[in-house]
Amino acid sequence: MADTLRRLTHTSSFTVLQDKLESWHRDYHVFSCDQNLDRCCELIELTARIQGQLFAILNRAAAEGGHYAGADTLKTRLLPWLGNCFSVWRPSVTDDSDLQLLQDSAEKDRKIRELSFSHESDMQNMEARLSSTRLQLESVTAELMDAQKELDDTKSKSTTTLLATEDEILQLKADLRCANEQVEIYRRKLEALGDYERQIQLLKDEVSYLNSEKAMLQERLVRSRSPSPLPRLSRSSSPLRSESPTRAQLTNSSRHARLVSRFGDLYAVERLEAQSLLRRYIPDLEMVQRIIFIAAMESFQRAKLAYRQFKLRVRKTLSASHFGPESLEDAAVDYIVRNLDLYDVQSSVNDVINAMNVNRLISYPPDVDFSLISPLIRETCRVAFAMQTLDPPLDLAFASDGELYNDTKYRRSFDSEFTAPLVGYHVWPALVEGNTVVVKGEAVTRRAAPWSRSRSRSASPVRSRSLSPSRSLRFNSKRSLSPDRLTASHL
């Protein structure tokens, strides 16, 4: 009996019964009639199982007590309870009331039939209303389809009108573009006038430099012919110069190798960075490469001019106090090598940008400023300025569009026509030492490359020589000089 009572305690049957009652109470109005009856039958079954277990416990408890133990309890509690339970379910009608019950049942059946008939009539009315509503819905749908067709026709007409308006807008934009191009042409002409003035000023500076150089050479010639002891001292010091070279002469080979390597870095690093930066604003790769090439050529040209002017100032400064064993030329170069940081590179960068702004070979959007590639221009000017201190100096090879391709000076780019004999345009200039190519440049070859009428090392001197034929003859005569003669007085 104890085991049965323990199992009944552990199963928590009354707790489960209470939970089910509470759940049924919460969902009573949600469940249907069948679901409520199922839930009630489930609870009755659970109660019957619990009562069965309790009766089993009652039987064993009574058996454990013997024949007479517990008899009073059964008599006073169990039997009266069972009698009351059965008396509750005893029918409350007698045989005399059967006729009344039959009449009540007939009346209920009649009411049920009336309710069923009214329900069927209501259902028929609802179906009639539903069919009429469907007909109305179909008519509204047809009207909606007609309205949609009218809307589509209106849209097509509006689209035709819009296309005509867009054509007019495109025509107006084309006219505006033509007007802007004309304004740009006039603006470039005005800038060209300013460039011509700058070129004239540069020519005047070069003429003054050449005149001062001529005066210095005449003064040296007079000193060499005079019987003063100073020329004898300079002539006797010539063997000493060979025995005691200057710092510039001692470091010439190392500086040569370093500058050549730096020129290769300009091509491999700074050039690609400038190219990727310009491609954000200029989609044409050819125009971007032309801009970078002209920037390199202009940078060398401006750096060479700045070197000549700087060297002239150094020579004027040292001429009053120079009595060393080396020549004044060597002393000036040695001073420049030791003080390369005194070079005003920003002035050269500004000159390069101004020259590129008026270059006729470059077309670019009006919102593009060449100061975007000022890092490339600045480093190229520094390298070009330092290359002028070498003996012999390094320079860029002559280049012109439409020239015959030279395999010793250039290598073809990946998008070239490899069987074409003419150079369409240049990507990077070649570095030369006299007539010897030190570093190859890069060019794009085309079969139908246009012959260029310009013959220059950069874009800016093209315009200057086209304005001044004497400048062209003088520059070409300079190019015909040997590298040894260029090192001294023709820089």
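Glu-433 stands opposite Thr-436 in β5, and this pair is a handy place to start a walk through the fold. The model is a predicted one, so please read every contact and angle below as computed from it.

**The hairpin and its sheet**

- Strand β4 (residues 431-433) and β5 run antiparallel and are joined by three bridges.
- Besides the pair of Glu-433 and Thr-436, Val-432 has Val-437 as its bridge partner in β5.
- Two residues lie between the strands of this hairpin, where Gly-434 adopts a positive phi near 75°.

**The mixed sheet and the helices packed on it**

- Another open sheet of three strands has the order β2-β6-β3, and its pairing is mixed.
- Its edge strands are β2 (410-412) and β3 (422-428), each of which pairs on one side only.
- On average, neighbouring strands here are turned by 40° against each other, direction ignored.
- Three bridges link β2 with strand β6 (residues 441-446) in the parallel sense, and Tyr-410 stands opposite Gly-441 in β6.
- Helix α9 (residues 252-278) packs on this sheet, where it touches β2, β3 and β6, and its direction makes about 85° with that of β3.
- Helix α10 also packs on the sheet, touching β3 and β6, with its direction at about 65° to that of β3.

- Arg-290 is part of helix α10 (residues 285-319).
- With a relative accessibility of 16%, Arg-290 counts as buried.
- Leaving aside residues up to four places away in sequence, Arg-290 touches Asp-401, Gly-424 and Tyr-425.

- Helix α12 (residues 345-357) has 13 residues, which at 1.5 Å a residue should span 18 Å; its end C-alpha atoms are 19 Å apart, which agrees.
- Its buried residues are Val-345, Ser-348, Val-349, Val-352, Ile-353, Ala-355 and Met-356.
- Ala-355 and Gln-199 are 156 residues apart in sequence, and their C-alpha atoms are 9.5 Å apart in space.
- Gln-199 sits in helix α5 (residues 98-225) and, at 6% relative accessibility, counts as buried.

**The nonpolar cores**

- The largest nonpolar core has 60 residues, and those with the most contacts inside it are Ile-291, Met-356, Ile-362, Ile-373, Ile-377, Met-387 and Leu-431.
- Elements giving two or more residues to this core are α9, α10, α11 (328-338), α12, α13 (374-387), β3 and β4.
- Helix α10 supplies the largest share of this core, 15 residues.
- Not counting residues up to four places away in sequence, Ile-377 touches Ala-295, Ser-299, Val-349, Val-352, Ile-353, Met-356 and Phe-370.
- A second, separate core has five residues, including Leu-17, Trp-24, Leu-46 and Ile-50.

Notes
Residues numbered from 1 in each chain as written. Predicted model: local features only at pLDDT ≥ 70, side-chain atom pairs only at ≥ 80, totals over all residues. Heavy atoms only, no water. Pairing = 2+ DSSP bridges. Helix = DSSP H or I, 4+ residues; strand = E, 2+ residues; numbered from the N terminus. Buried < 20%, exposed > 50% of the residue type's maximum accessible area, 1.4 Å probe, protein only. Contact = heavy atoms within 4.5 Å. Expected span 1.5 Å × (residues − 1). Axes fitted to C-alpha atoms, helices over the stretch in contact; angles between N-to-C directions. Core = buried A, V, L, I, M, F, W, Y, C linked by side-chain atoms within 4.5 Å.
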